[in-house]
Amino acid sequence: MIIDLRSDTVTQPTSEMKQVMLNAPLGDDVFGDDPSINELEAYAANLFGMEAAVFCPSGTMTNQIAIKVNSNAPGELICDELSHVYKYEGGGIGFNSGLATHLLKGQQGRLTAAQIEAAIQPDDVHFPETQLVSLENTCNKGGGTIYDIEEIRKISRLCKERGLKLHLDGARVFNALVEADYTAEDLGAEFDTISVCLSKGLGAPVGSVLLGTKESIKKARRIRKLFGGGMRQAGSLAAAATFALKNHVERLKEDHARAKILGRTLEHCSFVKEVLPVYTNIVVFEVQDDLLHTNIIEQLNKADIKTVAFGPQQIRLVTHLDFTEEMLGRTVQVLKNIH
Ligand SMILES: *Cc1c(COP(=O)(O)O)cnc(C)c1O
């Protein structure tokens, strides 16, 4: 039994999902003719109370399209220094949209309205014009942290007052939603655009949706084509995603409960220096100073448990649809035996 905790992207489609994929009606989506993609886009937009959506091959693409739709170079984007849009998208903010990136140090990936307000550039020819703010919820690199809705509302109000666009990288937004005291519609009301990954905890094989106004999504379709992301009979992928949105949201709580058990186990392991608080499905821990984290990863690997390095001395474990109760038991046992 291989236990893969490298990411929640590693899941296999379930047999029910495969059945839905096989039976999905298809068409050429560049012509807008794929009924399964149209259904997914309408379903996702409606969940968040937003006007329109566009299905894309990856979350990197939906984020990068959103940045381009919401800006007009030259200018700058404000985000936390841990943001995926900055750290893990190949430098796309500069390359694709010609923007400078203004990094702020938030609290485990979360920014405050006060911080953003202080960072907005004054109207001065020397400075890049601040045009866009991007938030991440949950924040991957922050250890799966969840935004407070009141802070989001303050940030949204500030952005409106100052004429800035506001984007949400909601790759794992449903992991936040099943834990938080707010709804998808509450989020939809505050952001200009929201990107949602379907191939992470939700368990679909491929794809992300970008949500926004009719006008911004029309523009997004043009940029999707430009980026090479216009797909044809991709409705099987969309059907899997719609199935995931309808059936795999509530169960994310199980992933969170298992992650918490992994976190508590690690707190009692002698090779562990610190475990970051576990909020959702991401567990990040630091190994003791006199140990090599690569060595721990290797030991876990030998026990058929796959993990990834996540920074100096840090290792990340991510729970997901294919990480079962049996695998949890085995992982806890292996962790207890490492030294
Ligand atoms: C995974 C992820 C993305 C998008 O990743 P793709 O692999 O391109 O789909 C974007 N933001 C965050 C926070 C992510 O974790």
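## The ligand and its contacts

A polar side-chain atom of Asp169 is placed 2.6 Å from a nitrogen atom of the ligand, a polar contact being a pair of N or O atoms within 3.5 Å. This is a predicted model, in which local features need pLDDT of at least 70 and side-chain atom pairs count only at pLDDT 80 or more, while totals for chains, interfaces and linings use all residues. Residues are numbered from 1 along each chain as its sequence is written, and side-chain values use heavy atoms, with hydrogens and water left out.

Thr60 also has a polar side-chain atom 2.6 Å from the ligand, in this case from an oxygen atom, and an N or O atom in the side chain of Arg172 lies 3.0 Å from an oxygen atom of the ligand. The ligand taken alone exposes 380 Å², of which the protein buries 83%; such areas come from the Shrake-Rupley method with a 1.4 Å probe.

## The shell around the ligand

The residues around the ligand, those with a heavy atom within 4 Å of it, include Ser58, Asn63, His84, Glu136 and Lys200. They divide into 2 nonpolar, 5 polar and 5 charged, where Asp, Glu, Lys and Arg count as charged, Ala, Val, Leu, Ile, Met, Phe, Trp, Tyr, Cys and Pro as nonpolar, and the others, Gly among them, as polar. Helix α3 (residues 59–69) gives the largest share of this shell, 3 residues; helices (H or I, at least four residues) and strands (E, at least two) are DSSP runs numbered from the N terminus.

## An aromatic pair

The structure holds 2 aromatic pairs, which are rings of Phe, Tyr and Trp (its six-membered ring) with centres within 6.5 Å, called stacked when the planes are under 30 degrees apart, edge-to-face when over 60, and tilted for the rest. Phe48 and Phe174 form an edge-to-face pair, with 5.7 Å from centre to centre and 70° between the planes. This pair links distant parts of the chain, since Phe48 is in the loop between α2 (35–47) and β2 (52–56) and Phe174 is in helix α8 (residues 173–177), 126 residues apart.

## Details of the backbone

Ala73 and Pro74 are joined by a cis peptide bond with omega of about 5°, and Pro74 is in the loop between α3 and β3 (76–80). Another cis peptide bond joins Asn137 and Thr138, with omega of about -5°, and Thr138 is found in the loop between β5 (130–136) and α7 (149–161).

Terms used: Polar contact = N/O pair within 3.5 Å; in protein donor to acceptor, adjacent residues only side chain to side chain.
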